[in-house]
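Please look over the sequence and the structure shown here, then read on for the points grouped by topic.

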Amino acid sequence: MAIEWTTLVATGSGAVIALAGTLLNDHLRDRRESRRSGRTRARDLYVEFIVAAGACHTRLRRIAQEPGGRPDLDAATREALVEAGIHEIRERLFIDASENVAAAGQALYERLRDLRRAVAEGASWSSRDFHDVYHPYLDTAWGYRAAVRKELGSVPFEPSVFGWVTLNGAATCPVCGSNAV
């Protein structure tokens, strides 16, 4: 029996092409899934950081509402940062975030520490000393959100989207009022 070489070569070539196509498709799918997974991890980390900053901010505001109610303001304000877990999440941000988001996160962390220092020194919620660091903190929080939105492919919000004049609340702040920036 004579072998049909053309049939054998065609069958073998078809098998190689099919196998190569399957391997390429699997490789491309794995790469897409890896990118999607990395993007999801990054987004989760970015949200975790802003949530921790917000939790710390809320604790500091509570302390500032009754600064005389705490015997050791410095310890209470430091504890607010620790309880929020901001230090650990910031370290993860330095490892996993893009340069722009890490820089925006560091700026937010520094403004949060400014707020902590003001409250530790006895600044009350209704004092000018508190608001001098509070509104810059809010500006920086919105700057962080803008950096994250840009990295994730969205545009930053304008204050008017929320019916606001500014994102930092200074324009409608009863303490800052007409001194709003």
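An angle over 145 degrees between two axes counts as roughly antiparallel. H2 and helix H4 (residues 99–120) pack at an angle of about 155 degrees, and H2 and H4 are therefore roughly antiparallel to each other. The model under discussion is predicted. Its protein chain has five helices and zero strands.

**The chain as a whole**

- From the N terminus on, the elements of the protein chain follow the order α-α-α-α-α.
- The protein chain has 181 residues, of which 34% count as buried.
- The accessible surface of the protein chain is about 11,200 Å², and carbon and sulfur atoms hold 55% of that surface.
- Among contacts in the protein chain with a separation of 6 or more, 69% join residues 24 or more positions apart.

**Packing of H2 against H4**

- The axes of H2 and H4 are 8 Å apart, and H2 passes H4 in a right-handed crossing.
- On the H2 side, the contact involves Leu73, Asp74, Thr77, Arg78 and Leu81, which meet Arg113, Arg116, Val119 and Ala120 on the H4 side.
- By class, the residues of this contact of H2 with H4 comprise four nonpolar, one polar and four charged.

**Packing of H3 against H4**

- Helix H3 (residues 86–96) also packs with H4, at an angle of about 160 degrees and with the axes 9 Å apart.
- Because that angle is over 145 degrees, H3 is roughly antiparallel to H4.
- The crossing of H3 and H4 is left-handed.
- H3 contributes Ile86, His87, Arg90, Leu93 and Phe94 to the contact, while H4 contributes Val101, Ala102, Gly105, Gln106, Tyr109 and Leu112.
- The contact of H3 with H4 has seven nonpolar, three polar and one charged residues.

**Alanine 80, in H2**

- Alanine 80 belongs to helix H2 (residues 73–84).
- Alanine 80 has a relative accessible area of 2% and is therefore buried, as the limit for a buried residue is under 20%.
- Beyond its neighbours within four places in sequence, alanine 80 is in contact with Cys56, Arg59 and Leu60.
- The C-alpha atoms of alanine 80 and threonine 58 are separated by 8.9 Å, and the two residues are 22 residues apart along the chain.

**Isoleucine 63, in H1**

- Isoleucine 63 is located in helix H1 (residues 5–65).
- With a relative accessible area of 3%, isoleucine 63 is buried.
- Leaving out neighbours within four places in sequence, the contacts of isoleucine 63 are Arg70, Leu73, Ala76, Thr77 and Val119.
- Leu73, Thr77 and Val119, which isoleucine 63 touches, also take part in the contact of H2 with H4.
- From C-alpha to C-alpha, isoleucine 63 and alanine 120 are 8.9 Å apart in space, although 57 residues apart in sequence.

**Threonine 140, in H5**

- Threonine 140 is found in helix H5 (residues 128–151).
- The relative accessible area of threonine 140 is 15%, so this residue is buried.
- Apart from its neighbours within four places in sequence, threonine 140 is in contact with Ala104, Ala107, Leu108 and Arg111.

Methods. Residues numbered from 1 in each chain as written. Predicted model: local features only at pLDDT ≥ 70, side-chain atom pairs only at ≥ 80, totals over all residues. Heavy atoms only, no water. Helix = DSSP H or I, 4+ residues; strand = E, 2+ residues; numbered from the N terminus. Buried < 20%, exposed > 50% of the residue type's maximum accessible area, 1.4 Å probe, protein only. Contact = heavy atoms within 4.5 Å. Areas by Shrake-Rupley, 256 points an atom, 1.4 Å probe, with all protein chains shown as cover. Axes fitted to C-alpha atoms, helices over the stretch in contact; angles between N-to-C directions. Parallel < 35°, antiparallel > 145°, perpendicular 65-115°, else oblique. Left-handed = near helix turned anticlockwise from the far one by under 90°. Nonpolar A, V, L, I, M, F, W, Y, C, P; charged D, E, K, R; others polar.
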